[in-house]
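Dear colleague,

I am handing over the structure we spoke about, and would be glad if you could look through it alongside the notes below.

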Amino acid sequence: MGRKNEKKSRDKRGQGRGEKRQHSNDTYQGKLEVTRSGMGFVVVEGLDVDILVRPNDFNTALHGDQVKVAASPGREGKRMQGAVVQVLERKQNEFIGTLQVNQANKGFGFVVIDGERKTPDIFVKEESMNGAADGDRVVARITNWETGEGRRPIGEVVTVLSPEDRNDIAMKEILLENGFGIEFSDEVLEETARIPDVIGQEEIERRRDFRKILTFTIDPVDAKDFDDALSIRVLKNGNYEIGVHIADVSHYVLPDTALDDEAYRKATSVYLPDRVSPMLPEHISNVLCSLRPHEDKLTFSAVFEMTPKGQVKSYWLGKTIIHSDHRFTYEEVQETIEKQEGLYLDEVLLLNNIAQRLRKKRIDNGAINFSSQEVRFKLDEKGKPIGVVVKESKEAHQLIEEFMLLANRYVAEHVSKIEVNKKPVPFAYRVHDLPSEEKMLPFMAFARKFGHKFDMSSPDKIAESFNVMLADAHGKPEQHVLETLGIRTMAKAIYTTENIGHYGLGFEDYCHFTSPIRRYPDVLVHRVLHSILEQRPEIDKKMDEKCKHCSERERAAMESERAANKYKQVEYMLDFIGEEFDGVISGVSAFGFWVETVDTKCEGMVSVTSLVDYDEFRLVQEDYSLVGNRSGKKFRMGDKVRIQVVAGSLEKRTLDYDWVMTPAELDAQEEEKANRKGGSTKSARRRKKKGDEDIDF
């Protein structure tokens with residue numbers, strides 16, 4: 001497997017914050033981060049030290065906003081100080097707080113924002129309170145700012161929150177904190193309502209018609225937005241025509257509309273345990289563009305002529321119309337594969353066989369084969385977690401995954417060959433850089449302790465070493481820790497116009513084409529590809545800026561999903577205070593170690609302060625472990641331990657565990673104490689379960 005632009009990739013990685021950049025007029029662009037004390041710091045890429053901004057110099061900027069700041073060079077050894085001169089992009093305009101109506105003059109009030117960071121109160125006129133009363137918890141939107149000195153935000157109440165529904169408020173807070181609005185504006189909804197539901201004959205005639213070819217979707221059982229479908233038919237030469245059909249969102253969401261602006265601002269749907277915050281209004285994502293069975297739908301397709309062995313003989317890209325014959329769930333397809341019986345059996349088995357061949361070839365060519373596992377909570381009608389479901393990636397999932405990867409790769413390859421005035425067309429590539437040597441070296445040393453060796457002579461050899469290690473470790477106690485640490489050595493995949501390839505997948509060209517309902521980069525890809533197919537390539541000079549925005553929004557969505565899952569973990573484990581669980585150490589630090597429970601997959605912290613009766617522990621970074629100074633007791637990533645749930649905080653989204661000693665560990669502790677000269681004879685104790693009596697040894 002060739003690695004595109006390996007040197008360029010490594011050079012690019014060096015452009016971190018440690019490298020100086022030239023700035024003119026002492027003006028910088030960066031993100032404002034406001035501390036709990038109210039002080040601000042603007043983080044500027046390329047500067048070693050953040051720029052200090054005092055609260056009086058925020059100029060309406062709030063935590064997380066992208067800003068332009070004017071700063072004067074600090075004296076030697078001192079931090080630069082500056083003032084915000086322009087807010088370039090708001091992180092959020094909606095906030096949760098408490099409405100306080102002015103008692104002397106009922107005509108106005110203020111929404112006092114929740115949270116530890118100091119955020120100015122939002123001034124709200126009576127006509128903008130939307131029925132809210134004094135003391136109500138509300139979602140408020142900033143609509144304007146006062147002019148002149150001492151500017152304050154002016155806004156409106158969007159939603160009145162029910163005080164009984166703590167879970168709903170918590171999920172909305174997480175979304176808003178990360179810059180995702182919880183409702184679409186009236187303008188967006190009105191634009192959506194004006195989109196015709198009926199597909200005109202003129203539009204049908206412009207497209208390749210697949211309505212008479214067997215087509216079906218495969219999605220999770222609870223999915224409503226079906227954005228991809230597969231079609232299959234046998235050709236006269238014995239090969240197969242396999243179509244990957246993607247919802248044609250760009251046909252409905254047009255540039256320079258309120259709908260497109262809102263989709264770009266969000267850039268992604270966010271999937272929380274009890275809800276989806278969609279990128280597009282439900283009428284588009286679940287109705288117009290969802291490839292529902294027995295309905296004509298507009299699609300953008302990648303169609304392949306393939307041999308029975310999965311070799312691509314030719315491909316075609318273009319606009320189509322389809323009519324899905326059936327909607328499968330992953331579980332139904334998996335059952336068909338395993339039992340060799342079911343609807344469209346021959347077609348499902350054929351697609352699965354080709355998908356597995358594609359998967360094997362991809363891994364043989366250098367793709368890194370990390371296993372995937374999805375953890376979901378079972379929720380009651382109020383959103384409270386009542387159980388945990390762990391789902392493994394099976395052949396049904398891989399069937400869809402491989403054909404989506406195939407379409408994404410061929411679209412990127414096709415666009416990468418197009419030039420205008422001897423320059424590549426600006427395009428939203430999905431790239432993944434090489435792992436950094438800084439992260440690889442300690443990981444290699446750790447893996448060596450389990451007998452795994454790495455060849456660092458080339459990117460191909462590194463990928464090969466990863467796959468050998470993952471295969472050898474499969475089913476062994478160290479599998480989880482090696483996979484976890486291996487993933488942490490990897491760079492983060494991003495969107496960019498600089499096509500350096502996708503290292504983890506082993507592709508020289510890659511993009512996201514297959515999920516435009518939930519990802520804005522896919523919409524960008526559809527627009528550029530369509531312009532190329534129409535022989536009028538679109539030159540978007542702001543494409544790189546859009547890629548950076550989409551990458552940032554993707555990270556914000558991931559942070560939202562992590563925070564929401566953590567909230568549910570805490571909510572679930574609060575019912576088990578005092579109970580014990582088996583767990584695996586999932587991380588270590590100087591102040592303790594994290595444990596993920598085996599059965600519930602809920603992570604909590606065991607603090608070193610809870611271990612003082614046993615020993616004093618120090619962090620050994622290269623071994624990913626905490627080691628006792630006297631006993632030599634080691635807590636290392638991947639070790640199995642027994643813990644007791646002792647506390648949890650929904651507000652902080654944290655769980656506190658205590659380590660529970662086994663009888664053998666108790667005996668070893670007593671023996672160590674007895675042998676220690678002048679040592680204490682204080683008895684070891686075991687954390688008790690509910691109903692246990694105190695046990696002294």
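What follows is a short account of the domains, the barrel and the nonpolar cores.

Please keep in mind that this is a predicted model. The domain assignment divides the chain into domain 1 (27–89), domain 2 (94–163), domain 3 (188–361 + 378–396), domain 4 (407–565) and domain 5 (576–674), and the centres of domain 1 and domain 3, taken over C-alpha atoms, are 45 Å apart.

Five strands form a closed barrel in the order 26-27-28-33-32, with mixed pairing, and neighbouring strands of this sheet are turned against each other by 50 degrees on average, direction ignored. Strand 26 (residues 580–589) pairs with strand 32 (residues 640–649) in the antiparallel sense over five bridges, and Asp 582 stands opposite Arg 642 of strand 32. Helix 15 (residues 543–573) lies across strands 26, 27, 28, 32 and 33, and runs at about 55 degrees to strand 33 (654–659).

As for the nonpolar cores, the largest holds 83 residues, of which Leu 399, Phe 403 and Phe 513 touch the most other members. Helix 10 (residues 395–416) contributes the largest share of this core, 11 residues, while domain 3 and domain 4 each supply at least three. Leaving aside residues up to four places away in sequence, Leu 399 touches Ile 218, Leu 230, Val 333, Val 348, Leu 351, Asn 352 and Ala 355. A second, separate core comprises 58 residues, among them Ala 463, Leu 482, Ala 564 and Val 595.

With best regards

Technical notes. Residues are numbered from 1 along each chain as its sequence is written. This is a predicted model: local features need pLDDT of at least 70, side-chain atom pairs count only at pLDDT 80 or more; totals for chains, interfaces and linings use all residues. Side-chain values use heavy atoms; hydrogens and water are left out. Two strands pair if DSSP finds at least two bridges between them. Helices (H or I, at least four residues) and strands (E, at least two) are DSSP runs, numbered from the N terminus. Axes are lines fitted to C-alpha atoms, for helices over the stretch in contact, and angles run from 0 to 180 degrees between N-to-C directions. Contact means heavy atoms within 4.5 Å. Domain bounds come from an automatic or database domain assignment. A nonpolar core is a set of buried Ala, Val, Leu, Ile, Met, Phe, Trp, Tyr and Cys residues joined through side-chain atoms within 4.5 Å. Buried means under 20% relative accessible area, exposed over 50%, partly exposed in between (1.4 Å probe, protein chains only).
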